[in-house]
Amino acid sequence: MREKLERLRLEAKRKIDEATNEKELEAVRVEFLGRRQGKITQILRNITDLSPQDRPLVGELVNQIKRAVQEDLKRREKEISREEEEEWVDITLPGKKPLLGRLHPITQTLEEIKRIFIGLGFQVVRGPEVETEYYNFEALNMPRYHPARDEQDSFYLDDTHLLRTQTSPVQIRVMEKKSPPIRIIAPGRCYRRDAVDASHFPMFHQVEGLAVDKSITFSDLKGCLTYFVHQMFDKKTRLRFRPSFFPFTEPSAEVDISCIMCKGRGCRVCSGKGWLEILGAGMVDPEVFRKVNYDPEKYQGFAFGMGVERICMLKYGIDDIRLFFQNDLRFLSQF
Ligand code: PHE
């Protein structure tokens, strides 16, 4: 009898452990402890068949087994409900989005500028950020007394080397190496000793453009920049070429666009003028051609230079250049 009960107990335990949900567990309970057919219940019920001496002993034994099975059932029930809780997935909850990296707004603007000019047949070239005085100034027709050459305005590394103050030296490097026709843009970092404020930062980005060929005119420059502005902003944006001066272009112009914010009516962004300056440009000065041994009687060219931060600020309505360099994710993740 003892052996039979022990076997029953083991069988019950095995089945309890094998049950994977409440329904299966209930079936095991009924099989062993069910009020009518339960295997253990039946033994208890049949206890009257035993001799009076054996009854208390067997009764006690069966009750022990019954309690053990009940405990096993309870334990397994808890395990199953915990397992089910862990598996429970609420598919109506919003998902957790992984934080995606993205390109810096300046990089995005630069990519857009490149895309537009590549579409016009320009090639992207690069030049060094540490320049000699010759390439940064001299070859660009900025002689020794020129104020921009002052130590107050430029970061000199030694007597003849400095961090380039503009991307225009790349024009010279390209023309020294290649003969016309030339169509290049040169993006990159530039450095000036400016006090930091909402529109000045000692490091910034420019994109230089240069086209040289046998019959390039000022209208090519106008057409090219108009196409650029219409692509970069929108087709309704108007352009204005204001006479200006650069030592390496003649004639020179500063190019304004109608204010992006007020469409030219006048607002805070354009200080009521309706126009925003976006770049400098002009026809390559014959003096510059002579420096690179191009015949100014044979070739003409146009050049332009734009500030990438400025374009980006105008495009997205950003009012402080410092935001680009603080790397605050609240700012960067908006682009
Ligand atoms: N390099 C000039 C600047 O930094 C811009 C420019 C480039 C003007 C090419 C004319 C032609 O202001």
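## Around the ligand

A nitrogen atom of the ligand sits 2.9 Å from an N or O atom in the side chain of glutamine 166; a polar contact here is a pair of N or O atoms within 3.5 Å, and within protein one must be able to donate a hydrogen and the other to accept it, with residues adjacent in sequence counting only if both atoms are side-chain atoms. This is a predicted model, where local features need pLDDT of at least 70, side-chain atom pairs count only at pLDDT 80 or more, and totals for chains, interfaces and linings use all residues. Residues are numbered from 1 along each chain as its sequence is written, and side-chain values use heavy atoms, with hydrogens and water left out.

In total, 14 residues surround the ligand, and the closest are Gln166, Ser168, Arg192, Gln206 and Gly305 (near means a heavy atom within 4 Å).

## Helices packing on α4

Helix α1 (residues 2-18) packs against helix α4 (residues 54-87) at about 5°, axes 10 Å apart. Axes are lines fitted to C-alpha atoms, for helices over the stretch in contact, and angles run from 0 to 180 degrees between N-to-C directions. Helices (H or I, at least four residues) and strands (E, at least two) are DSSP runs, numbered from the N terminus. The angle makes α1 roughly parallel to α4 (under 35 degrees; over 145 is roughly antiparallel, 65 to 115 roughly perpendicular, the rest oblique). Residues of α1 in the contact include Leu5, Ala12 and Ile16, and those of α4 include Leu61, Ile65 and Leu73 (heavy atoms within 4.5 Å).

Helix α2 (residues 22-33) also packs on α4, at about 175° with the axes 10 Å apart. That makes α2 roughly antiparallel to α4. Among the contact residues are Leu25 and Arg29 of α2, plus Val69 and Ile80 of α4.

Most residues other than glycine have a negative phi, and most peptide bonds are trans. Proline 180 and proline 181 are joined by a cis peptide bond with omega of about 5°, and proline 181 is in the loop between α7 (169-177) and β4 (182-191). Another cis bond runs from glutamate 250 to proline 251, omega near -5°; proline 251 belongs to strand β7 (residues 249-258).
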